[in-house]
Amino acid sequence: MDLSFSPEDLAFQAEVRDFLKAELSPQLADKVRHNKTLTKEDMVGWHATLNRRGWLAQDWPKQYGGADWTPVQQQIFDDEASAACAPRIIPFGLKMLAPVLMKFGSDAQKAHYLPRILDGTDWWCQGYSEPGAGSDLASLKTRAVRDGDHYVLNGQKTWTTLAQYADMIFCLVRTGTEGKPQEGISFILVDMKSPGITVRPIILLEGTHEVNEVFFDNVRVPAENLIGEENKGWTYAKYLLTHERTNIAGIGPSKAALAEVKRIAKAETVRGVPLSDDPYFAARVAQVEMELDALSTTNLRVLSSPDAAASAGSISSMLKIKGTEIRQAINDLARRAIGPYAMPFVSEALEEGYNGEPIGPDYALGVAPDYFNNRKISIFGGSNEIQRGIISKTVMGL
Amino acid sequence: MNFTHTEERQLFKDSVARLIADTHTLDARNKAARTDLGFSAEKWAQFAELGAIGALFSEDDGGFGGAAFDVTVLFEELGRGLVNEPFLATAILGGGLIAELGNADQKAVIEEVIAGTKQLAFAHGEPKSRYDASHVETTAKKSGDGYVLNGAKAVVLNGGAADLLVVSARSSGAAWDEDGLSLFLVPGDAAGLSRTSYPSIDGLHAAEIRLDNVTVGADALLGGEAKAWPAIEKVIARANLALASEAIGAMEVARDMTIEYLKTRKQFGVVIGKFQALQHRMATVLLEIEQARSSVINAAGRFDGSRVEREMAVSAAKTLAGKIGRLVAEEAIQMHGGIAMTWEYAVGHFAKRLVMIDHMFGDVDYHIARYVALSKEAA
């Protein structure tokens, strides 16, 4: 056993730190630190900055323009980037679609789409969930019917994150009704500018617009946009689950968020004594820190294990459950730390260019919205109940 | 022993519930929250007409109630309706302090409060005070016959709409001494008083207030100079009793919506309420709410006992309201799934109110520490 990084990993860590110091503007980091609203330009700009260095597609093979980092290197980057309050990488094209394209896409599809993901030409969104198909995703109903050289799509997707910015959407659609529901699903790529597509915003409980409903009304999609074979889409979508092992636990962002809680707890005082010295609050922070430290090692154990792939599905489930629980506990610490200033909700103050009078300390404004917004993380991507079901079935055989 | 409300209170409870059911919608409530006033003047007038404001004042003060159980009965219904009209700021806090300490002239305003024509606020919390109710750095300096007030007040509920503010200020002592606090009646348009009003995340309204050499006469002093602490403590206890009661109403609505959803939402071919993993968690929600309700009954029942008895029971009720309110809020969202994350669906608004109740007049940690300190006093 040796818990330390290798000399190569340490050198890599130093390189990442230098890069972040040189390339991440303090203004952008401030927005991320205080949960202010990122514009599309902020997100696209950060992707471009990473791409210039060849660090955008971190897990892609070199042949496609990727960095081909080891899982440990990816984790180091995520830790450092999170600590520096860099924007998160938007995962839909880079981490969700790209692995499917590389494994199951045609040569023409790879040649066309992968470079466009890298250079930012296409912003992708994900069309999986439907109003009646959430946890039970395989019951999805959006139909794709073959008509000559095209498929004609009818139906509705929901919870489509950042669809308002998207150029393209990858969808699971129903092409067959025979056999098990999973057997009639196909994986297809759709241009968001196609006639018949309507995007309707869903406003979240804390007032932000990050997800949408996407309606398909006789949308004609070229048949060449189908990935792999018709009715095999479920296999392709599941491949993603077993492929994706990094960043599920959200270790880097949680470490950064916990550091911010500690910063707040030093600034807040009760009768002149910092909140961080309050034994009750300090005990709450300590317990979360212990858990996070342990999960960080669980995560590295998984990333370093050569045979992790065999049980990757259930390991992802474990990391997701624990990671989201810890993140939500940190959100809860943050809201406790800011006290009465959890209440003011000046949503304009979270937008770029706000010049109004500040309400309360700078660190307080985004805390309560983030607490409520992050209730989503134990729901989306397979709720924690679904994840526990997966563990029960695949690990314990129950 | 008798755990039923008097017939009169039960009738009152039913009439408030009916008014809310007949006239209030979540959409109108949320729209009103974004206006400058922060609530609906029309609804406030309806509540006044029904006698809902008067129920919070004793007959001596021109009302027809004012007992602890009047507070719990009314606020539970306000919680069920997610009402954002300023009962807490105007009647419990501002009105409560004037009722406790006011002379006959000062008490004249209570009639207008009960009639719904006067808005009050308690400008007490400060940027550095967090939940510490005796932490007041705003100063009151004697000047001729009157006083000059200087300082800053934070997250003052209804502070923007208030016609008249009850402002706490320090006449003597260190920043968090209980002795040395005075209360003053200050008109909302007083020279030197500036307010920045904003909505809260749970659909209420509050303000940051600055007092720059605000001059008031001797008749503005409420109660004895430097002697306001016992009244402040008691009125904040009433506010916490009200909030814990409001939480119960909100918890029960969130609970019922979730049970209904478990019975209707189908996934994997069955209603999700068939999954034991959810059944057991919902059962926990159910029994925890009963715990919260009993702690509120304890607090109301002991409210007129000794100071320590009252304060301990109130801290217990507010602790359980904070802890269980969070549980109910988080479980209601989790068991609903994505739909509860939307602005359009009501349960998220109940969840926000429940969590924010923990941020008013002391959170769980504050009240546990306070309970420990009070138990030492009691021993």
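The dialogue below sets computed values against their definitions.

Tutor: This is a predicted model, in which local features need pLDDT of at least 70, side-chain atom pairs count only at pLDDT 80 or more, and totals for chains, interfaces and linings use all residues. Residues are numbered from 1 along each chain as its sequence is written, while chains are lettered from A and ligands numbered from 1 in the order in which they are written.

Student: Why are α7(B) and α10(B) called roughly antiparallel to each other?

Tutor: Helices are DSSP runs of H or I with at least four residues, numbered from the N terminus. Helix α7 (residues 229–264) and helix α10 (residues 347–357) of chain B pack at about 150°, their axes being 9 Å apart. Axes are lines fitted to C-alpha atoms over the stretch in contact, and angles run from 0 to 180 degrees between N-to-C directions. Angles over 145 degrees count as roughly antiparallel, and α7(B) and α10(B) are therefore described in that way.

Student: What span is expected of helix α5 of chain A, at 1.5 Å a residue?

Tutor: The expected span is 1.5 Å times one less than the number of residues. Helix α5 (residues 91–104) of chain A has 14 residues, and its 19 Å from first C-alpha to last is close to the expected 20 Å.

Student: Where does α5(A) bend?

Tutor: The bend, about 40°, is at Leu97(A), and Pro99(A) follows within four residues. A bend is the angle between axes fitted to the seven residues ending at a residue and the seven starting there.

Student: Which residues of α5(A) are buried?

Tutor: Among them are Phe92(A), Leu97(A) and Val100(A); buried requires 20 or more other C-beta atoms within 10 Å of the residue's own, with C-beta atoms placed from the backbone.

Technical notes. Helix = DSSP H or I, 4+ residues; strand = E, 2+ residues; numbered from the N terminus. Buried ≥ 20, exposed ≤ 12 C-beta atoms within 10 Å, placed from the backbone. Parallel < 35°, antiparallel > 145°, perpendicular 65-115°, else oblique.
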